[in-house]
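Here is my note on the model, as numbered points. Please read it with the structure open.

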Amino acid sequence: MEMYQGLIEFNWSSLMILLNVFILFLITKKFFWEKIKKFMDDRANSIQDAIDSANAMNKRADEKMANYSKRIAGVEEEGREIIKAARQQADAQAQMIIEDARKQASDIIAKAERTIEQERAKAMEEMRQEISDLAMLAAKQIVGREIEGIGHETIVDDVIKNARSGKWQN
């Protein structure tokens, strides 16, 4: 049978090795098992505490992020409201400026119309005065020339000609 030596054989040395391992297990269990178990439990607890702490930090960070997001949205909305109010105020001020400019323009136009009317009345008065002076001058010349025997048409033509050139006098 020696020819068929297999992987598993029963011999006394294998039994002794197995017995030694069992004795070492019992000694280890008696003296070191609690220490090893306590070390492993402590390690597991510290790892679990670190995970819980990290989760709590993540939760607080998420809460802070949500809070900051709300604040940012509030600030953005407040900014929009401020811009809207400023725009409305600027529009109102622009309307007031436009209305004031229109009022000033209409006042200027009214003043100009009054000045034009006064100038027109003054010019009419001057023209009336000049026509009156021309009529008087023409009458004087007609009366003076009638004595001399000159025709009225020539006198009127002379008066108009002298009036155009500015040579006639009162």
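**Notes on the predicted model**

1. Lys38 has a relative accessibility of 55% and therefore counts as exposed. The classes used here are buried (under 20% relative accessible area), exposed (over 50%) and partly exposed (in between), with a 1.4 Å probe and protein chains only. Lys38 pairs with Asp42 in a salt bridge, at 3.8 Å from N to O. Asp42, at a relative accessible area of 39%, is partly exposed. The two residues, Asp42 and Lys38, are four apart in helix α2, so about one helical turn separates them. A salt bridge here is a side-chain nitrogen of Lys or Arg within 4 Å of a carboxyl oxygen of Asp or Glu.

2. On provenance: this is a predicted model, in which local features need pLDDT of at least 70 and side-chain atom pairs count only at pLDDT 80 or more, while totals for chains, interfaces and linings use all residues. Residues are numbered from 1 along each chain as its sequence is written, and side-chain values use heavy atoms, with hydrogens and water left out.

3. Confidence is given as pLDDT, the predictor's confidence in each residue, from 0 to 100. The mean for the protein is 84, and 85% of its residues reach 70 or more. Helix α1 has the highest confidence, at 90, and helix α3 (residues 152–165) the lowest, at a mean of 71. Where pLDDT is low, the predicted coordinates should not be read in detail.

4. The secondary structure consists of three helices and zero strands, in the order α-α-α along the sequence. Helices (H or I, at least four residues) and strands (E, at least two) are DSSP runs, numbered from the N terminus.

5. How much of the protein is buried? Of its 170 residues, 4% are in that class. The accessible surface is about 15,700 Å², and carbon and sulfur atoms account for 61% of this surface. Areas were computed by the Shrake-Rupley method with a 1.4 Å probe; for residues, only the protein chains shown count as cover.

6. A nonpolar surface patch of about 910 Å² is formed by Met16, Leu19, Ile23, Ile27, Phe31, Phe32, Ile36, Phe39 and Met40. Patch residues have over 30% relative accessible area and no salt bridge; like charges are joined within 9 Å and nonpolar side chains (Val, Leu, Ile, Met, Phe, Trp, Tyr) within 5 Å. Helices α1 (12–31) and α2 (33–148) each supply at least two of the patch residues, and α1 contributes the most, with five. Phe39 is in α2 and, with 54% relative accessibility, is classed as exposed.

7. Which other salt bridges deserve a look? The structure holds four, including Glu99 with Arg102, at 3.4 Å from N to O. Glu99 and Arg102 are three residues apart in α2, so the separation is about one helical turn. Glu99 is partly exposed at 45% relative accessibility, whereas Arg102 is exposed at 54%.

8. Glu117 and Arg120 also meet in a salt bridge, at 3.0 Å from N to O. Both lie in α2, three residues apart, or about one turn of the helix. Glu117 counts as partly exposed, with 43% relative accessibility.
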